[in-house]
Amino acid sequence: DNSDPYLDTDNDGVADMDDAFPDDPTESTDSDGDGVGDNSDVYPQDPDRQQYSDLYTVIFVKSDVVVDSLSAAQQLVNNSSEYQSVTFETNRIAYTDGSSGNETIFGAGAAFPYADHFAMYASREIYVAEDGDYSFLIRSDDGVRLAVDGQVVIDDGEPHKVANSEAAVYLEEGLHEVELLYFESSGGAVVEFAGVHGLSLIHI
């Protein structure tokens, strides 16, 4: 009878009558009522989300005209249903056309799905284990924009040969949204994204 105010079946210090998981000593509350305990729920206030994913959702969109600005890239992504496109998940942003000088530098890069005149948009949430300064590096040919929690921290909007863009951001422990917009106008192409915390390289 879990109405007994002294009964604590799982010996977690929370009486069964107040314990959402009376048989699980690691869980006692379920704030959003989704059946997943708050200790295991990355989103304890959102009943539709429970688990953190370390995968990016990526979309490449191919244009039939030149894409030579971030605004053109954003418009292309926003209207992706009208163009040839491909969407998938990946654990790393590192793409190259294989041309000389456009190699990725933190490991082998995957091939782009298109050649010239396309945009890429990638997003995911990253989990930061501790407060601190995090440095982000993007290697790209052509333009790229990086936003963290909706704040643009890299805005490299002109077509150019391969170049590195960097930004340092202070992040608190927890989840943070990362969004990357990239465009390839013509010629060589590469885009690679990585982060550094202290002396540790993190592919994010």
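1. Start with overall size. The protein chain has a radius of gyration of 22 Å, whereas a compact globule of 204 residues would come out near 17 Å. Along the principal axes, the C-alpha atoms fill a box of roughly 75 × 40 × 30 Å. Keep in mind that this is a predicted model.

2. Next, what is it built from? You'll find one helix and twelve strands in the protein chain.

3. A few totals for the chain. Of its 204 residues, 41% count as buried. Take the contacts between residues at least 6 apart in sequence: 63% of them join residues at least 24 apart. The protein chain exposes about 10500 Å², and carbon and sulfur atoms supply 46% of that.

4. Now have a look at helix 1, residues 70-78. Which of its residues are buried? They are L70, A73, L76 and V77. Looking down the helix axis, these buried residues fall within an arc of 120 degrees, so they line one face of helix 1. Over on the other side, S71, Q75 and N78 are exposed.

5. What do the buried residues of helix 1 pack against? The partners are strand 1, strand 5, strand 7 (144-148), strand 8 (151-156) and strand 10 (174-184).

6. The aromatic residues deserve a point of their own. The count comes to ten aromatic pairs. One of them is F60 with F112: the ring centres are 6.1 Å apart and the planes stand at 80 degrees, and because an angle over 60 counts as edge-to-face, that is the label this pair gets. The pair links distant parts of the chain, 52 residues apart. F60 is in strand 1 (residues 56-62), while F112 is in the loop between strand 4 (110-111) and strand 5 (118-128).

7. Are F60 and F112 buried or exposed? F60 has 0% relative accessibility and counts as buried. F112 is buried too, with a relative accessible area of 11%; the cut-off for buried is under 20%.

8. That pair also belongs to a wider group. Ring pairs link F60, F88, Y95, F112, Y114, F118 and Y182 into a cluster.

9. One last thing to check on screen is a charge over a ring. R124 lies over the face of Y56, at 5.2 Å from the ring centre.

Notes. Residues are numbered from 1 along each chain as its sequence is written. This is a predicted model: local features need pLDDT of at least 70, side-chain atom pairs count only at pLDDT 80 or more; totals for chains, interfaces and linings use all residues. Side-chain values use heavy atoms; hydrogens and water are left out. Rings of Phe, Tyr and Trp (its six-membered ring) pair if their centres lie within 6.5 Å; planes under 30 degrees apart count as stacked, over 60 as edge-to-face and the rest as tilted. Helices (H or I, at least four residues) and strands (E, at least two) are DSSP runs, numbered from the N terminus. Buried means under 20% relative accessible area, exposed over 50%, partly exposed in between (1.4 Å probe, protein chains only). A charge sits over a ring if NZ of Lys or CZ of Arg is within 6 Å of the ring centre and within 35 degrees of the ring normal. The arc is that of the directions from the helix axis to the C-beta atoms. Contact means heavy atoms within 4.5 Å. The radius of gyration is taken over C-alpha atoms; the globule rule is 2.2 Å times the number of residues to the power 0.38. Accessible areas come from the Shrake-Rupley method with a 1.4 Å probe; for residues, only the protein chains shown count as cover.
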